Every structure is written in C-alpha cells, then in structure tokens.
Amino acid sequence: MINIYSQIFVGKFYDDIVNECAQKLAECKNILAYNEATALFKAEKYEEALSIFISLDNYNDSKEKVIECENALAYNKAVTLITEGSFTEAKVIFETIPTY
C-alpha cells in the first residue's frame, strides 16, 4: 500500500518538475529571441528584428517593438523616396508614421 502512494506522489512530483522545466525552457527561448531581435533592431536590421518580434507575440513588449520596426522600415522607405526625388510619395509615408 505504501508503495502505491509513493508511486503516485513521485509520479505527480515528476510531472510537476517536467512542466516547470518546460515553462523555464520556453521562457529562456523567449529571452534569447527577444535579445537577438533587440540587437538586430539596434543594428538597424529592422526586417529581421520584425520577424522575431512578431513570433514572440505577447512576450514582454514585443507588440510595441513590432510597431517600432514597422515605423523604422517606413521611415527608411520614405528617406529612399526622397533621395530618388519622389517627394510626394515620401510625404505620404512620413504622415503615416506617428513617432517620427
């Protein structure tokens, strides 16, 4: 009888440890991905950073970082249009960027 209770307790305890480890692993993966995306953003590799921030969904402030990447990409596109002489198109893009 004691053996059965021991096995139930150990099995439950084991399941709890496995679940906790899985949660910790997921958190570590999110931290690493977030840090990589942040480094890419700082290096002005906005498309790569955007892809990672999107994959992180609700982690930390990833949704806000997605918007920052999109704004940076739009800004760069507008600047390129200015250098090409497409001022009207650039103006339209600039007007859609709330933080620039």
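**View 1. Asp 57 is partly exposed, with a relative accessibility of 44%.** Here buried means under 20% relative accessible area, exposed means over 50%, and partly exposed lies in between, using a 1.4 Å probe and protein chains only. The model is predicted: local features need pLDDT of at least 70, side-chain atom pairs count only at pLDDT 80 or more, and totals for chains, interfaces and linings use all residues. Residues are numbered from 1 along each chain as its sequence is written, and side-chain values use heavy atoms, with hydrogens and water left out. Asp 57 sits in the loop between α2 and α3. Its phi is positive, about 50°, although Asp 57 is not a glycine. The side chain of Asp 57 forms a salt bridge with that of Lys 63, at 3.9 Å from N to O. A salt bridge is a side-chain nitrogen of Lys or Arg within 4 Å of a carboxyl oxygen of Asp or Glu. Lys 63 is also partly exposed, because its relative accessibility is 46%.

**View 2. Asn 60 lies in the loop between α2 and α3.** Asn 60 is not a glycine, yet its phi is positive, about 50°. Asn 60 is exposed, at 56% relative accessible area.

**View 3. Four helices and zero strands make up the secondary structure of the protein chain.** Helices are DSSP runs of H or I with at least four residues, strands are runs of E with at least two, and both are numbered from the N terminus. Read from the N terminus, the order of elements is α-α-α-α. Of the 100 residues in the chain, 23% are buried. The chain exposes about 7600 Å², and carbon and sulfur atoms supply 59% of that area. These areas come from the Shrake-Rupley method with a 1.4 Å probe; for residues, only the protein chains shown count as cover. Among contacts between residues at least 6 apart in sequence, 35% join residues at least 24 apart. A contact means heavy atoms within 4.5 Å.

**View 4. The largest nonpolar core holds twelve residues.** A nonpolar core is a set of buried Ala, Val, Leu, Ile, Met, Phe, Trp, Tyr and Cys residues joined through side-chain atoms within 4.5 Å. Ala 33, Tyr 34, Ala 37, Leu 40, Ala 49, Leu 50, Ile 52, Phe 53, Leu 56, Tyr 59, Val 66 and Cys 69 form this core. The largest share, five residues, comes from α2. A second, separate core has five residues, among them Ala 78, Ala 90, Ile 93 and Ile 97. In soluble globular proteins, nonpolar side chains tend to be buried together.

**View 5. Tyr 59 touches Glu 27, Asn 30, Ile 31 and Tyr 34.** This list leaves out residues up to four places away in sequence. Tyr 59 and Tyr 34 both belong to the twelve-residue core.

**View 6. Helix α2 buries Tyr 46, Ala 49, Leu 50, Ile 52, Phe 53 and Leu 56.** Just after α2 comes Asp 57, with its positive phi of about 50°.

**View 7. Helix α3 has 22 residues, and its end C-alpha atoms are 32 Å apart.** At 1.5 Å a residue, the helix should span 32 Å, which agrees. The expected span is 1.5 Å times one less than the number of residues. Buried in α3 are Ser 62, Lys 65, Val 66, Cys 69, Asn 71, Ala 72, Ala 78 and Leu 81. Gly 85 follows α3 and has a positive phi, near 90°.

**View 8. Lys 65 and Glu 68 form a salt bridge.** Their closest N and O atoms are 3.9 Å apart. The two residues are three apart in α3, so about one helical turn separates them. Lys 65 is buried, whereas Glu 68 is partly exposed, at 32% relative accessible area.

**View 9. Lys 91 pairs with Glu 95 in a salt bridge.** The closest N and O atoms are 2.6 Å apart. Both residues lie in helix α4 (residues 87-96), four residues apart, about one turn of the helix. Glu 95 is exposed, with a relative accessible area of 54%. The count of salt bridges comes to three. Side chains of opposite charge can pair when their charged atoms come close.

**View 10. The mean pLDDT of the protein chain is 90.** pLDDT is the predictor's confidence in each residue, from 0 to 100. Of the residues in the chain, 86% reach 70 or more. Among the elements, α2 has the highest mean pLDDT (98) and α1 the lowest (84).
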